[in-house]
Amino acid sequence: MRTIPGRHAARAALCAVLLFSCVPASPVPAEAAGYSRRIAIAPFASLTKEDIGGTVAVLPRLLGSRLMALAGADVLLLPAGGKSPEEAAREAKYPLLLQGTVAKLGKGYSIDAAVTDLSTGGSAGAFFTAAATEDDIIAQLGLLSGEIAEKLFGVQGAIRAVSPAPPPRPRRRSCPPRLRSARSRRVLPRRRLLHWVLPRRRLLRWRPLRGPLPPPPLVRPR
């Protein structure tokens, strides 16, 4: 049988085109944008009526240390007052600027952070977390830093590394070894149950009769 090379090449090209057309195009994640791991962090703003200025003032330093540990980022902490955060970050030649707020909604707190790409002026990402109390704000900051490190800098497993471990499951009470096999068969022998519950002396009284019950005594009429 004679083969035609040109026809086979055309069929191979057509099959390749059909194969690549059937594969759906995956969306490009944030880490694929190639953001540099150099970020400037501005002081956080407090949007609460309560005085939590001491907690809010330390958040940029804590967030920066966590980003350095998780992603090896070069972090610049911008001082409060003076120039605007955008101008100060551009003068320091940092391509990313992170600005955050702490707001109270009801009884809980919301920590929000927005990252700006200074080279384009657009948003590089927005991140948030919630805390039940003021003491829980610092604990939730670890989850926020893990999300930034994974979605912005492409550090795989950063969220899982800072997530709290689940509580251990309570142990189930094990039944006695004599009843374990009977429970698996859903049949509970009477002798084993009495032997497990009652002492040996009382077991002799409650031992079932093997034979039939004796007939009742006859009552003679007088």
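The following dialogue works through how to read several features of a predicted protein model.

Student: Which conventions apply to the model before any feature is read?

Tutor: This is a predicted model, in which local features need pLDDT of at least 70 and side-chain atom pairs count only at pLDDT 80 or more, while totals for chains, interfaces and linings use all residues. Residues are numbered from 1 along each chain as its sequence is written, and side-chain values use heavy atoms, with hydrogens and water left out.

Student: How many helices and strands does the protein chain have?

Tutor: Helices (H or I, at least four residues) and strands (E, at least two) are DSSP runs, numbered from the N terminus. The protein chain has eight helices and six strands, and along the sequence they follow the pattern α-β-β-α-β-α-β-β-β-α-α-α-α-α.

Student: Which strands pair with E5, and in what sense?

Tutor: Two strands pair if DSSP finds at least two bridges between them. Strand E4 (residues 96-105) pairs with E5 in the antiparallel sense over 10 bridges, and E5 pairs with strand E6 (residues 122-131), also in the antiparallel sense, over nine bridges.

Student: Why is strand E5 described as largely enclosed?

Tutor: Buried means under 20% relative accessible area, exposed over 50%, and partly exposed in between (1.4 Å probe, protein chains only). Seven of the 10 residues of strand E5 (residues 108-117) are buried, so the strand is largely enclosed by the rest of the structure. For the protein chain, buried residues make up 27% of its 222 residues.

Student: Which residues of the largest nonpolar core touch the most other members?

Tutor: A nonpolar core is a set of buried Ala, Val, Leu, Ile, Met, Phe, Trp, Tyr and Cys residues joined through side-chain atoms within 4.5 Å. The largest has 30 residues, of which Phe44, Leu67, Leu98 and Val102 touch the most other members. Two or more residues each come from strand E1 (38-41), helix H2 (53-71), E4, E5, E6 and helix H4 (135-151). Apart from this core lies another, of seven residues, among them Ala42, Leu78, Tyr94 and Leu97.

Student: Which residues does Leu98 contact?

Tutor: Contact means heavy atoms within 4.5 Å. Leaving aside neighbours within four places in sequence, the contacts of Leu98 include Ile39, Phe44, Leu63, Val115 and Ile148.

Student: Is Gln140 buried or exposed, and what does its side chain meet?

Tutor: Gln140 lies in helix H4 and, at 17% relative accessibility, counts as buried. A polar contact is a pair of N or O atoms within 3.5 Å; within protein, one must be able to donate a hydrogen and the other to accept it, and residues adjacent in sequence count only if both atoms are side-chain atoms. The side chain of Gln140 makes such a contact with the side chain of Thr129, at 3.3 Å.

Student: Which charged residue lies over the face of Tyr94?

Tutor: A charge sits over a ring if NZ of Lys or CZ of Arg is within 6 Å of the ring centre and within 35 degrees of the ring normal. Arg38 lies over the face of Tyr94, at 4.2 Å from the ring centre.
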